[in-house]
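Here is a short report on one protein model. Look over the sequence and the structure first, then read on.

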Amino acid sequence: MSEPLKVTGMVLLAAPAGEYDRRVILLTKERGKITAFARGARKPNSALLAAATPFAFGTFTVYEGRNAHTLVQAEISEYFMEVRSDVTASCYACYFLELAEYYTRENLDASDMLNLLYVTLRALPKSEPDDELIRCIFEMRAMLINGEYPYETAEDGRLQESTRYAIAYVIHAPVQKLYQFTLQPDIFREFRQVQDFFNERQIDRKFKSLEILRQMTAE
């Protein structure tokens, strides 16, 4: 058996596997996106019962396999209970997890995406900025991390000056300060139109969580 591997990460997805197990997708700082099986995690007395659920963030101990890993231990530092307990916030959060899963790959550095995801989930329960602005900022920054966002958008003269400034801020701000601004309604509409355009052009997947979110917010 291989040596145990400790990784820092977050559970993006968890699904039943067999009678008592769970299959989880972890976004890790060290190994990017990995699939792991948590044996017996669906049993009421399992030490992995809470850890093998979406949003759980901490240190995971796994054994590497040829096609998947085996999760044997977890030290969870954050469950994001405020997000879990709010229906709207949890819907946004599920979309962010799904988008992060879309953008990341196995064995590729995912520290920037993991940091973005962590900071974004921390921002969701707060009253400002609102959830829709958080969504646009997350989409833009995730696209930047993946190398798909055109930097020159911040200099597009067809956009209002405040919109260009907001885009430039999202491009260059430290991740810890991403969610420290709000926008006037007219500026936000333009800001969102820009991001919706790039989403349509760059993303080739339909997200179930986004469809649910749109129904909830009556878009």
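Cys91 has a relative accessible area of 15%, so Cys91 counts as buried. Buried means under 20% relative accessible area, exposed over 50%, and partly exposed in between (1.4 Å probe, protein chains only).

The model is predicted: local features need pLDDT of at least 70, side-chain atom pairs count only at pLDDT 80 or more, and totals for chains, interfaces and linings use all residues. Residues are numbered from 1 along each chain as its sequence is written, and side-chain values use heavy atoms, with hydrogens and water left out.

**Cysteines.** How many disulfides are there? A disulfide is a pair of cysteine sulfur atoms within 2.5 Å. By this rule the count is zero. Cys91 is in no disulfide, and its nearest cysteine sulfur belongs to Cys94. The Cys94 sulfur is 6.4 Å from that of Cys91, too far for a bond.

| Residue | Relative accessible area | Class |
|---|---|---|
| Cys91 | 15% | buried |
| Cys94 | 36% | partly exposed |
| Asp21 | 18% | buried |

**Helix H2.** Helices (H or I, at least four residues) and strands (E, at least two) are DSSP runs, numbered from the N terminus. H2 covers residues 87–103. The expected span of a helix is 1.5 Å times one less than its number of residues. Is H2 largely enclosed or largely open? Of its 17 residues, 13 are buried, so H2 is largely enclosed by the rest of the structure. At the start of H2, a side-chain oxygen of Asp86 comes within 3.1 Å of the backbone nitrogen of Thr88.

**Asp21.** This residue lies in strand E2, residues 21–28. A polar contact is a pair of N or O atoms within 3.5 Å; within protein, one must be able to donate a hydrogen and the other to accept it, and residues adjacent in sequence count only if both atoms are side-chain atoms. The side chains of Asp21 and Arg39 make such a contact at 3.4 Å. A polar atom of the Asp21 side chain also lies 2.7 Å from the backbone nitrogen of Gly40.
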